[in-house]
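Take a look at the structure, then follow the points below.

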Amino acid sequence: MRSAFSWTFRPEEYILLGATSPSIPPRTTKYRRQHSCSWRSFIRVFTLRKVLVSVTLVPVFLFLAIVCQGIPPNYDDIRSFEHHLPQHSLSRHQPQYLRFPGHLWGFGFNNVLQEAILMSYLAYATNVSFVFEDYTWSHLPLPWTIYDFALRPARIPLNALISGPTAGGPMPSAPNAPRAVNAEFYTQVCGGPDSQKRVISSLTAPNDADGDVMIDWWVDQLASVQEPCIEIDSSAHDVFDRHFFGNPRILSVWESLTKSPMLTDFAWSPLVQAAVSRNFALLQPESAKDLYDAHSRKSLAGLVAVHLRRGDYKRHCPNLAKWGADYMGINQHPSLPDRFDRSPYVNDTDARLSYYLDHCWPSMEQVVERLRNIRKEHPGLKRVYVLSNEWAWSLDDLKNALEEDGWDDLVSSTDVVLDSEQKHVAMAIDMAIAEKAEVFIGNGFSSLSSNVVMLRMAKGMEAESNRFL
């Protein structure tokens with residue numbers, strides 16, 4: 001105890017001020033602490049060993065910060081559901097199978113969804129069984145990957161996101177058409193050394209033609225194939241690339257696509273629908289049945305859903321202006337009321353950029369004004385749901401501004417209550433809500449908005465209920 005509270009004099013730490021002499025009266029001796037502030041003392045404190053230890057601990061702390069946000073689910077129950085689909089039986093009659101090994105992965109869900117719908121439609125038009133894949137973010141052997149300093153599933157079974165023919169569901173409108181199978185079953189049937197497989201290249205496909213011409217070309221190519229296992233080699237170019245979806249050429253298949261089981265029998269997964277129903281208090285439906293019935297054409301009366309894309313669009317929107325891009329192909333459907341016309345700004349770089357930002361990255365004031373004008377056309381609108389990848393706190397100003405402008409309420413993606421499995425399919429939950437809204441206001445350049453518009457129109461909702469910022 002004494003050593004813990006006693007003070008020991010260390011002469012090397014102090015300097016004696018004012019020595020005494022016989023001619024000078026003695027005075028109190030004063031000591032002053034010597035503080036050394038030199039590069040040598042800095043090196044003594046921050047030794048190489050301490051620096052190395054600190055550097056070593058950085059990834060440890062990063063790892064702990066990531067893991068503390070939660071371990072993603074593995075969706076084993078949904079994988080079991082897929083495994084037990086009735087078409088996944090070797091004892092049943094085996095149709096021909098069509099697989100696209102070069103399908104999109106590592107992209108946003110809506111890029112993948114629009115491609116999968118078209119590919120499954122092609123398989124349906126050819127009367128073969130479509131092979132659907134997981135929604136894949138990474139091909140690493142680990143079950144998770146890192147995105148935005150958080151773990152996310154590397155692969156999510158498609159039936160966690162959607163149901164219906166594209167994900168192996170039944171086709172009541174075409175009961176004799178072969179149902180889709182998952183990649184696991186296809187590998188079981190067609191992965192052996194004795195399997196009969198035919199590979200068709202996309203090299204000579206008419207990728208710059210209208211959509212109906214492209215579909216007809218592929219149907220002709222597939223019609224003469226006798227082998228049970230068919231794969232499309234898209235290494236030369238994608239079967240349906242981003243230029244196709246961003247071009248009105250896709251509209252030439254609109255009538256046949258919207259009447260096909262891919263869209264007439266489309267539904268969100270039970271996991272997604274459960275999340276929508278769970279948040280009924282936020283959505284305030286007139287009847288709970290409006291949420292439970294996946295095929296109901298009745299909208300959420302009084303609700304306008306707005307897709308406010310942020311994040312990476314801060315860089316993407318100026319690039320769209322530089323490239324002279326148009327709205328997504330579906331968003332150029334002639335029945336839609338809002339047009340995007342860049343022609344007056346072709347020779348004025350600054351004016352063109354401003355025009356693009358108004359529609360791609362609108363300010364809060366512009367969003368409030370746009371909603372006000374839409375409400376004049378649809379007087380029954382009272383509430384706003386914002387689909388956004390924006391931070392919750394940054395939407396507070398918009399909420400206050402809308403309340404001041406006479407709206408009853410604003411809720412957003414950040415207000416929706418989700419469990420751990422639903423958290424990683426939140427984009428589909430947003431879309432399911434937007435699909436049911438009385439009015440939807442989208443971003444014309446976004447594949448999410450394009451898919452919502454497509455699903456709403458395929459359900460028979462009025463074209464005038466689909467607007468753009």
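Helix H16 (residues 364-377) and helix H17 (residues 396-404) have axes that come within 10 Å and cross at roughly 35°. This is a predicted model.

**Helices H16 and H17**
- The crossing of H16 past H17 is right-handed.
- H16 brings Met-364, Val-367, Val-368 and Leu-371 to the contact, and H17 brings Asp-397, Leu-398, Ala-401 and Leu-402.
- By type, the residues of this contact are 7 nonpolar, no polar and 1 charged.

**The sheet that holds S16 and S15**
- This open sheet has 5 strands, in the order S16-S15-S14-S17-S18, and its pairing is parallel.
- S16 and strand S18 (466-468) are the edge strands. Each has a single partner strand, so one side of each has no neighbour in the sheet.
- From one strand to the next, the twist averages 25°.
- At one end of the order, strand S15 (residues 383-388) pairs with strand S16 (residues 409-412) in the parallel sense, over 4 bridges.
- Tyr-385 has Val-411 of S16 as its bridge partner.
- H17 returns here: the chain runs from S15 through H17 to S16. This β-α-β crossover is right-handed.
- Strand S17 (residues 437-442) runs parallel to S18, and 3 bridges join the two.
- Across that pairing, Gly-442 stands opposite Phe-468 in S18.
- Helix H20 (residues 447-458) lies across strand S14 (300-308), S15, S17 and S18. H20 runs at about 150° to S17.

**The sheet that holds S10 and S4**
- Another open sheet has 5 strands, with the order S10-S4-S3-S12-S11 and parallel pairing.
- Which strands stand at the edges? They are strand S10 (181-182) and strand S11 (197-201). Each has a single partner strand, so one side of each is left without a neighbour in the sheet.
- Strand S4 (residues 129-132) and S10 run parallel and are joined by 2 bridges.
- Phe-132 faces Asn-182 of S10 in this pairing.
- Helix H5 (residues 109-126) packs on the sheet and touches strand S3 (97-99) and S4. The direction of H5 makes about 155° with that of S4.
- Helix H7 (residues 211-223) lies across S3, S11 and strand S12 (229-233). H7 runs at about 150° to S11.

**Disulfides**
- A disulfide is a covalent bond between the sulfur atoms of two cysteines.
- How many disulfides does a search of the whole structure find? The search finds 2.
- The link of Cys-190 and Cys-229 is left-handed, with -75° about the S-S bond.
- Cys-190 lies in helix H6 (residues 183-190) and Cys-229 in strand S12, so the pair ties together parts that are 39 residues apart in sequence.

**Helices H11 and H19**
- Helix H11 (residues 270-278) packs with helix H19 (residues 426-436) at an angle of about 60°. The axes of H11 and H19 are 9 Å apart.
- H11 and H19 cross in the right-handed sense.
- From H11, the contact uses Val-272, Ala-275 and Val-276. From H19, the contact uses Ala-428, Ile-429, Ala-432 and Ile-433.
- The contact of H11 with H19 has 7 nonpolar residues, no polar and no charged.

Definitions and conventions. Residues numbered from 1 in each chain as written. Predicted model: local features only at pLDDT ≥ 70, side-chain atom pairs only at ≥ 80, totals over all residues. Heavy atoms only, no water. Axes fitted to C-alpha atoms, helices over the stretch in contact; angles between N-to-C directions. Left-handed = near helix turned anticlockwise from the far one by under 90°. Contact = heavy atoms within 4.5 Å. Nonpolar A, V, L, I, M, F, W, Y, C, P; charged D, E, K, R; others polar. Pairing = 2+ DSSP bridges. Right-handed = clockwise from strand over helix to strand, strands pointing away. Disulfide = S-S within 2.5 Å.
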